[in-house]
Amino acid sequence: KRGAIPRMARGDPPAVPVRGVPQVSSKPLRKTRIQPATRRASGEELDAASAGRAPPPPDRRQLCEGMLRGGFVQSFVDFFYLTHRPDPENEGRDVQVPAREAQYLRENLERAEAARRRGDTGAVYAAYANVAKYYESRAGDAATGVYFYEKCLEVARLTGDHRGEMAAHHDLGLARMAAGEAEAAARHHERHLAMARALDDAR
C-alpha cells in the first residue's frame, strides 16, 4: 500500500542507528535478585559500635517494623496492643515496657506464631505461657496473663492436645485466682481434675 513502510527482507543490512535515539538490545535481560530493605543503623548504634560497646536494644518502633518485615502479622498485632495501651497501675498513662522486656515479648510472640504455622502445639504453648507468666508476675496485670493462657487453651483444643488442655486449665485456674476471679478459677481447676481422672481411667 502507498505510504506503508516496507518490511526488511532477509539479507538486508541492519537499520542504521539514529543519533540521539537509544538502541534496544536484543539480548535477554538478566534476572537480578531483589534484596530486602535493611534498616539503617541509628546514631546511638553507630556511637556504641565505634566505642566498642554493645548497641542499645531496639525500641518499640524498630521491633514492630521487624515483625512486619518478617511476616509475623499476628505477633505485631499482639505486641502493638501490649506496648501501646493504658497502664493498669497508673491511670491516665500508657504502659511503659523496658526495651529488653519488649525484645523478650517479641521473641516469644514470633516463636508462637512460627510454631503454630508448622503445627507444633507444644512450642506454641510454651511461648504463650512465657508471655502469660511475664504478665502474671507483674502486679495488677494478671488479666493479661489470663488472656495468653486462654490462647494456650484455644490451641490445645484445636489440635486435640488433651495434656496441653489440662495444663492450660491448671494455669488458668492459678491466674484467675491471682486476678481475684475465684469462681472462674474453681471451674478451671474442676475441669483440669475431670480431665486428669478421665485420662487415668483410660489407661
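Predicted model: local features only at pLDDT ≥ 70, side-chain atom pairs only at ≥ 80, totals over all residues.
Contact here means heavy atoms within 4.5 Å.

Select Asp78, which lies in helix H3. With residues up to four places away in sequence left aside, Asp78 touches Leu109, Tyr147 and Lys151. Asp78 is buried, its relative accessible area being 6%.

Next, select helix H6, residues 142-159. H6 comprises 18 residues and reaches 26 Å from its first C-alpha to its last, close to the 26 Å expected at 1.5 Å a residue. Colour its buried positions: among them are Ala142, Thr144, Gly145, Val146, Phe148, Tyr149, Lys151 and Cys152. Lys151, one of the buried residues of H6, is also one of the residues that Asp78 touches. The cover over the buried residues of H6 includes helix H3 (73-83), helix H4 (99-118), helix H5 (121-136) and H7.

The crossing of the two helices is left-handed.

Finally, display the side chains where these helices meet. H6 contributes Ala142, Val146, Tyr149, Glu150, Cys152, Leu153, Ala156 and Arg157. From H7 come Gly164, Glu165, Ala168, His169, Asp171, Leu172, Ala175, Arg176 and Ala178. Coloured by class, the residues of this contact divide into ten nonpolar, two polar and five charged.

Notes: Residues numbered from 1 in each chain as written. Heavy atoms only, no water. Axes fitted to C-alpha atoms, helices over the stretch in contact; angles between N-to-C directions. Helix = DSSP H or I, 4+ residues; strand = E, 2+ residues; numbered from the N terminus. Left-handed = near helix turned anticlockwise from the far one by under 90°. Nonpolar A, V, L, I, M, F, W, Y, C, P; charged D, E, K, R; others polar. Expected span 1.5 Å × (residues − 1). Buried < 20%, exposed > 50% of the residue type's maximum accessible area, 1.4 Å probe, protein only.
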